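User: Please examine the structure shown below and answer a series of questions on its fold, its helix packing and its charged pairs.

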Amino acid sequence: YLISDTVINVAGVAGMLLGAGRERAEDRVDPGVGVTVKAKVGERVSEGDAVFEVRYRDAGKLAAALPL
């Protein structure tokens, strides 16, 4: 598998859904949640490689972000 900029952008959206960013100006940001990307754009990875580290507080928000 090859990491693309699209994959990285989707990780950013997932982070926002977890509460690490704002969809609207009035949304709160939770500094304890987010997505850390462990692979670079263009890097080849294999099935089972750790590509992202996800931190979350709310299982419902995690469930919303995982399908991405």
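User: In what order do the elements of the chain run from the N terminus on?

Analyst: The chain of this predicted model contains two helices and two strands. Read from the N terminus on, these elements follow the order α-β-β-α.

User: What share of the contacts in the chain with a separation of 6 or more comes from residues 24 or more positions apart?

Analyst: The C-alpha atoms of the chain occupy a box of roughly 40 × 20 × 20 Å along the principal axes. Of the 68 residues, 21% count as buried. Among contacts with a separation of 6 or more, the share from residues 24 or more positions apart is 48%.

User: What distance separates the end C-alpha atoms of helix α1, and what span should its 14 residues have?

Analyst: Helix α1 covers residues 5-18, and at 1.5 Å a residue its 14 residues should span 20 Å. The end C-alpha atoms lie 20 Å apart, in agreement with that expectation. For both the span and the distance, the value is therefore 20 Å.

User: Within what arc do the buried residues of α1 fall, seen down its axis?

Analyst: The buried residues in α1 are Ala11, Ala14, Gly15 and Leu18. Seen down the helix axis, these buried residues line one face, because they fall within a limited range of directions. As a general point, an α-helix has 3.6 residues a turn, so residues three or four places apart point the same way. The arc for the buried residues of α1 is 100°.

User: Which residue follows α1, and near what value is its phi?

Analyst: Helix α1 is followed by Gly19. The phi of Gly19 is positive, near 110°.

User: Which residues does Ala20 contact, leaving aside its neighbours within four places in sequence?

Analyst: Ala20 is placed in the loop between α1 and β1, and at 31% relative accessibility it counts as partly exposed. Its C-alpha atom is separated by 5.5 Å from that of Val33, although the two are 13 residues apart along the chain. Leaving aside neighbours within four places in sequence, the contacts of Ala20 are Gly15, Val29, Asp30, Val33 and Gly34.

User: How many residues apart in sequence are the parts tied together by Arg57 and Asp30?

Analyst: The side chains of Arg57 and Asp30 form a salt bridge with an N to O distance of 2.6 Å. Arg57 lies in the loop between β2 and α2, whereas Asp30 lies in the loop between α1 and β1, so the pair ties together parts that are 27 residues apart in sequence. Arg57 is exposed at 60% relative accessibility, while Asp30 is partly exposed at 22%. The separation asked for is 27 residues.

User: Where do Lys38 and Glu53 lie, and how many residues apart in sequence are the parts they tie together?

Analyst: The side chains of Lys38 and Glu53 meet in a salt bridge of 3.4 Å, N to O. Lys38 is in the loop between β1 and β2 and Glu53 is in strand β2, so the pair joins parts of the chain that are apart in sequence. Both residues are partly exposed, Lys38 with a relative accessible area of 47% and Glu53 with one of 33%. The parts tied together are 15 residues apart.

User: Which residues are linked in a network of salt bridges?

Analyst: The structure holds five salt bridges. One of them joins the side chains of Arg24 and Glu26 at 3.1 Å, N to O. Arg24 is partly exposed, with a relative accessible area of 46%, and Glu26 is exposed at 59%. The network consists of Arg24, Glu26 and Asp27.

How values were computed
Residues are numbered from 1 along each chain as its sequence is written. This is a predicted model: local features need pLDDT of at least 70, side-chain atom pairs count only at pLDDT 80 or more; totals for chains, interfaces and linings use all residues. Side-chain values use heavy atoms; hydrogens and water are left out. Helices (H or I, at least four residues) and strands (E, at least two) are DSSP runs, numbered from the N terminus. The expected span of a helix is 1.5 Å times one less than its number of residues. Buried means under 20% relative accessible area, exposed over 50%, partly exposed in between (1.4 Å probe, protein chains only). The arc is that of the directions from the helix axis to the C-beta atoms. Contact means heavy atoms within 4.5 Å. A salt bridge is a side-chain nitrogen of Lys or Arg within 4 Å of a carboxyl oxygen of Asp or Glu.
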